[in-house]
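Welcome! Please take a look at the sequence and the model, and then read on.

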Amino acid sequence: MNPYDDSRTKREQVEEMFDRIAPVYDRANDLMSLGMARRWRRIAAREVRRTGAQRVLDIATGTGDLAIAVMRRLPDARVTGVDISAEMLSRAHVKAARARMSDKIDFIEAEAEALPFAAGEFDVVTVAFGVRNFADIRRGLCEMARVLRSDGRVFMLEFSIPRSKIFGPLYRFYFRRFVPWVGGLLSRQRRTYDYLPASVAEFAAPPEFIRMMHEAGFYDCRARPIMGGAVYLYTGTKHARVPSSLSE
């Protein structure tokens with residue numbers, strides 16, 4: 001879905017949206033997730049550590065939290081973070097400098113559907129809560145497969161709507177009422193934080209997203225529910241031979 005209207009591309013609107021909220025993005029995230037977003041990224045980073053990857057690409061890196069979390073667990077690796085928002089990336093650079101990681105993490109302005117990297121350049125690709133903002137999700141998944149080496153791994157965190165009869169309604173109320181209110185209060189960009197729950201509601205359900213991963217060239221794809229299904233960690237491995245039509 002487009003954040004605001006159909007008169008401009010989704011990419012243009014998402015870039016503008018994150019440029020505007022960049023100054024309060026981290027504070028809003030901590031408040032809206034009650035601090036849980038940090039824990040979810042740590043879970044993903046621990047899984048990445050088990051791969052022993054040397055080259056990691058973090059797509060939709062935002063202010064660099066997952067890239068830095070991965071770097072802490074794989075100090076001998078090289079991490080590259082990409083995002084379409086220059087304002088978010090400027091804050092990622094500051095965070096990396098404070099963590100004394102500027103020499104090990106590269107931040108580049110780029111879109112998920114047209115990654116400026118060679119085929120097979122990375123061992124692992126990660127995304128934290130950014131897939132649903134891709135202008136073309138299928139194309140983004142195919143690009144992930146293209147830049148991964150054979151048997152490279154992908155790790156993606158994404159929001160979902162819990163199905164529990166008790167937790168589900170409570171979570172929907174929190175997500176549709178509290179999140180936009182807090183985000184709008186901090187950023188004065190209420191429309192942006194109205195888009196967040198709407199984009200989650202429209203995102204593919206886990207079985208459908210797993211199917212999309214298979215179509216993009218991944219196998220052993222799994223969806224691990226976190227916090228009762230409010231968040232999923234999607235994982236997959238690139239086939240040794242991905243049909244060229246998927247990456248063109």
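A residue counts as buried when its relative accessible area is under 20%, as exposed when that area is over 50%, and as partly exposed in between, using a 1.4 Å probe and protein chains only. By that rule Glu143, at 3% relative accessibility, is buried. The model is predicted, so local features need pLDDT of at least 70 and side-chain atom pairs count only at pLDDT 80 or more, while totals for chains, interfaces and linings use all residues. Residues are numbered from 1 along each chain as its sequence is written, and side-chain values use heavy atoms, with hydrogens and water left out.

**The sheet and its helices**

Helices (H or I, at least four residues) and strands (E, at least two) are DSSP runs numbered from the N terminus, and two strands pair if DSSP finds at least two bridges between them. Seven strands form an open sheet with mixed pairing, in the order 3-2-1-4-5-7-6. Strand 3 (105-109) and strand 6 stand at the edges with a single partner strand each, so one side of each has no neighbour in the sheet. On average, neighbouring strands of this sheet are turned by 15° against each other, direction ignored. Strand 5 (residues 148-159) pairs with strand 7 (residues 231-238) in the antiparallel sense, over seven bridges. Within strand 7, Val231 is the bridge partner of Phe159.

Helix 4 (residues 65-73) packs on the sheet and touches strand 1 (55-59), strand 2 (78-83), strand 3 and strand 4 (122-128), where contact means heavy atoms within 4.5 Å. The direction of helix 4 makes about 160° with that of strand 3. For such angles, axes are lines fitted to C-alpha atoms, for helices over the stretch in contact, and values run from 0 to 180 degrees between N-to-C directions. Helix 5 (residues 86-98) lies across strand 2 and strand 3, running at about 170° to strand 3.

**Charged pairs**

Side chains of opposite charge can pair when their charged atoms come close. A salt bridge is a side-chain nitrogen of Lys or Arg within 4 Å of a carboxyl oxygen of Asp or Glu. The whole structure holds 19 salt bridges, including these:

| Salt bridge | Closest N to O distance |
|---|---|
| Arg224 and Glu47 | 3.7 Å |
| Arg146 and Glu143 | 2.7 Å |

Arg224 in strand 6 (residues 218-226) and Glu47 in helix 3 (residues 36-49) link distant parts of the chain, 177 residues apart. Glu15 and Arg11 lie four residues apart in helix 1 (residues 10-21), about one turn of the helix. Arg146 and Glu143 are three residues apart in helix 6 (residues 137-147), separated by about one helical turn. Arg146 is buried, with a relative accessible area of 17%. Salt bridges that share partners also join Arg8, Glu16 and Arg20 into one network.

**Rings and cysteines**

Rings of Phe, Tyr and Trp (its six-membered ring) pair if their centres lie within 6.5 Å; planes under 30 degrees apart count as stacked, over 60 as edge-to-face and the rest as tilted. The structure has eight aromatic pairs. Among them is the tilted pair of Phe203 and Phe209, 5.2 Å centre to centre with 50° between the planes. Both Phe203 and Phe209 are buried. Ring pairs link Phe203, Phe209, Tyr232 and Tyr234 into a cluster.

How many disulfides does a search of the whole structure find? It finds zero, a disulfide being a pair of cysteine sulfur atoms within 2.5 Å. The sulfur of Cys142 is 12 Å from the closest cysteine sulfur, in Cys221, which is too far for a bond.
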